[in-house]
Amino acid sequence: GVGEIARRVRGQLEKWGERTGSRVVRKDEGADPASVAYDGWMAARATDAHLLMVDTAGRLHNKRELMDELSKVKRVLEKQAGELDEVLLVLDATTGQNGVQQARAFLDAVNVTGLVLTKLDGSSKGGIVAAVQRDLDLPVKLVGVGEGVDDLAPFDPDAFVDGLFADLGSAV
């Protein structure tokens, strides 16, 4: 169920924290997400960290209470830190049109500043790039092209377009 999924996500975050040498701040299952974000901010401030990343995985865009929690997380962080530099939404590039609906809901809840697209291999699966850009005017900032530490890269629109046309050429 949901508890098992939450445990797996926490385990993944802790594993990635170890791999990258990053501190992971967490609380027990069921803790208020805004409280966890606040603790993360306090820990980052106490150690003069240059970056605080808050992962709010599991937010379903069609669940109002979860989106309200997300808005609260942002308000708590802004009260402590001021305006946030970035609010990035991570989307699976294979989600298609549903990704646009998700992005719209998150944009409404927390004013998303950009996207991170995972599973983007340059193929037509990446059509979400054009749809989100056209419908929501949200820039794609980063792309995930694998599962390694170095597999998150800045989005290169020229390389993406070249990849789309290369795929079209092989299909003709």
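This report describes helix packing, charged contacts and a few loop residues in a predicted model.

Residues are numbered from 1 along each chain as its sequence is written, and side-chain values use heavy atoms, with hydrogens and water left out. Because the model is predicted, local features need pLDDT of at least 70 and side-chain atom pairs count only at pLDDT 80 or more, while totals for chains, interfaces and linings use all residues.

## Helix packing

Helices (H or I, at least four residues) and strands (E, at least two) are DSSP runs, numbered from the N terminus. Two packed helices are described by the angle between their axes and the distance between the axes. Here axes are lines fitted to C-alpha atoms, for helices over the stretch in contact, and angles run from 0 to 180 degrees between N-to-C directions. Angles under 35 degrees count as roughly parallel, over 145 as roughly antiparallel, 65 to 115 as roughly perpendicular and the rest as oblique.

The axes of H2 and H3 cross at roughly 30° and come within 8 Å. H2 and H3 are therefore roughly parallel to each other. The crossing of H2 with H3 is right-handed; a crossing has this hand if the near helix is turned clockwise from the far one by less than a right angle, and is left-handed if anticlockwise.

For H3 and H4, the axes cross at roughly 45° and come within 9 Å. That angle makes H3 oblique to H4. H3 and H4 also make a right-handed crossing.

## Salt bridges

A salt bridge is a side-chain nitrogen of Lys or Arg within 4 Å of a carboxyl oxygen of Asp or Glu. By this rule the structure has six salt bridges. Among them are the pairs in this table.

| Glutamate 14 | Arginine 26 | 3.2 Å |

Exposure is given as relative accessible area: buried means under 20%, exposed over 50%, and partly exposed in between (1.4 Å probe, protein chains only).

Glutamate 14 and arginine 26 form a salt bridge. This pair links distant parts of the chain, with glutamate 14 in helix H1 (residues 2-20) and arginine 26, 12 residues apart from it, in the loop between H1 and helix H2 (33-46). Glutamate 14 is partly exposed at 30%, and arginine 26 is partly exposed at 41%.

Glutamate 86 is partly exposed, with a relative accessible area of 36%, and lysine 141 is partly exposed at 31%.

## Aromatic rings

Rings of Phe, Tyr and Trp (its six-membered ring) pair if their centres lie within 6.5 Å; planes under 30 degrees apart count as stacked, over 60 as edge-to-face and the rest as tilted. The whole structure has zero aromatic pairs.

Arginine 19 sits over the face of tryptophan 16, at 4.4 Å from the ring centre. The rule for such a contact is NZ of Lys or CZ of Arg within 6 Å of the ring centre and within 35 degrees of the ring normal.

## Loop residues

Asparagine 111 belongs to the loop between helix H4 (97-110) and strand E2 (114-118). Its phi is near 50°, a positive value in a residue other than glycine. Asparagine 111 has a relative accessible area of 49% and is partly exposed.

Aspartate 137 lies in the loop between helix H5 (128-136) and strand E3 (140-144). Just after H5, aspartate 137 takes a positive phi of about 55°, although it is not a glycine. Aspartate 137 is exposed, at 59%, whereas the buried residues of H5 are Ile128, Val129, Ala131, Val132 and Leu136.

Threonine 94 is placed in the loop between E1 and H4 and is partly exposed, at 41% relative accessibility. The C-alpha atoms of threonine 94 and threonine 118 are separated by 8.4 Å, with the two residues 24 residues apart along the chain.
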